[in-house]
Amino acid sequence: MLRYVLHRILILIPVLIGISIVVFFLIKLQPGDPFVGMIAPETTPEQKQELLRQAGYLDPIWMQYLRWASHAFVGDFGYSTQSGAPVLMLIQERVVNTVLLAASSLFITLLVAFPLGIYLGLHRGGKVDSAVSLVYFVVVSIPVFFIAILLVKVFAMNLKWFPVSGATTLGSSYSGVQHLLDVLSHLFLPALALAVANIGIFSRYLRSGISELINQNFVKALFARGISRSRVIFPHLVKNAARPLITVVGMEIPSLLSATLLTEIIFNWPGIGRLSFDAIQARDYSLLMGIVLFLAVITLVTNFLVDILYALVDPRVRLSQ
């Protein structure tokens, strides 16, 4: 197992370096400069060039990359040109909200997808299965931002069951349980918007696994021994059918983080997605590069943990290395 873990870590290093190069060069090659809003209008072109030279913006691009990468390696992503605050501090302030949103969405997804997938797998081809399949193909064809807008229209504006935007009620002084309930009421709709499509994806994977295993010889042998249906389904069918879900969850987490961008904008949720949108508008390249690299690291670490978890569940994976 140790050999397998070291092998996966060695793969991560060049991938992370490659991502940092792509991120830096793509953002740096954008037209204009990030200091345009910081320089007084009466500044002459010569003075502006001197200020850019002092900031290192006119250095060769490879030199700029090495300087940025060497600082980023120790967690120093520079300073935001918009607010002047350290990039890492701004990310740390928002990342908790994004993780909370993504985790809540994943919780809702698994809470609904697991029982739904098990039921559909045991009743494949039935009326419920056909109806759910139709709904699934409709939902996956709809963009997440449209689902989010629809949820706001129905549940926030028409029914007024949930607040429209933000993470807490403006002007409120809630504490304890009241504060928790206030945050959850603001969190539910954006989390549900992110979960809707994934519920269909996860349940379909579980449905396929259950329906294929139900006809396997070892399952028939368990039933022949007189073991109850529930004891066959949960310790045996679900355990084997859920293995592919480990990979699917690992693949969906990066998609979930990217999908939070539009969702956080629509619901005005104060997370990384909203922060990156503000950075793009302000041409805050230092902040934008820090966010993209930070999300890339989270994606790589997530994939690494999924690989390790899958190797623990299925020994054939680590033995193949």
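One cavity of 30 Å³ or more is counted in this predicted model, a cavity being a set of points, on a 1 Å grid over the protein atoms alone, where a 1.4 Å probe fits but cannot get out. The largest cavity holds about 40 Å³ of space, where volume means the space filled by probe spheres set on the grid points, which are joined across faces, edges and corners. Its lining, made of residues with an atom within 4 Å of a point, includes Phe162, Pro163, Ser185, His186 and Trp269. The lining residues of the largest cavity divide into seven nonpolar, four polar and no charged. Here Ala, Val, Leu, Ile, Met, Phe, Trp, Tyr, Cys and Pro count as nonpolar, Asp, Glu, Lys and Arg as charged, and the others, Gly among them, as polar.

Residues are numbered from 1 along each chain as its sequence is written, and side-chain values use heavy atoms, with hydrogens and water left out. Because the model is predicted, local features need pLDDT of at least 70 and side-chain atom pairs count only at pLDDT 80 or more, while totals for chains, interfaces and linings use all residues.

Aromatic rings come next. A pair of aromatic rings is described by the distance of the centres and the angle of the planes. The structure holds eight aromatic pairs, meaning rings of Phe, Tyr and Trp (its six-membered ring) with centres within 6.5 Å; planes under 30 degrees apart are stacked, over 60 edge-to-face and the rest tilted. Helices (H or I, at least four residues) are DSSP runs numbered from the N terminus. Phe24 is buried (under 20% relative accessible area, with a 1.4 Å probe and protein chains only; exposed is over 50% and partly exposed in between), at 1%, and Tyr65 is buried at 11%.

Tyr65 also forms a tilted pair with Trp68, at 6.3 Å centre to centre and 50° between the planes. Tyr65 and Trp68 are separated by about one helical turn because they are three residues apart in helix 3. Trp68 is buried too, like Tyr65. Phe24, Phe25, Tyr65 and Trp68 form one aromatic cluster.

Key
Helix = DSSP H or I, 4+ residues; strand = E, 2+ residues; numbered from the N terminus. 1 Å grid on protein atoms, 1.4 Å probe; cavity = no way out; pocket = protein on both sides within 12 Å on 5 of 7 lines; lining within 4 Å.
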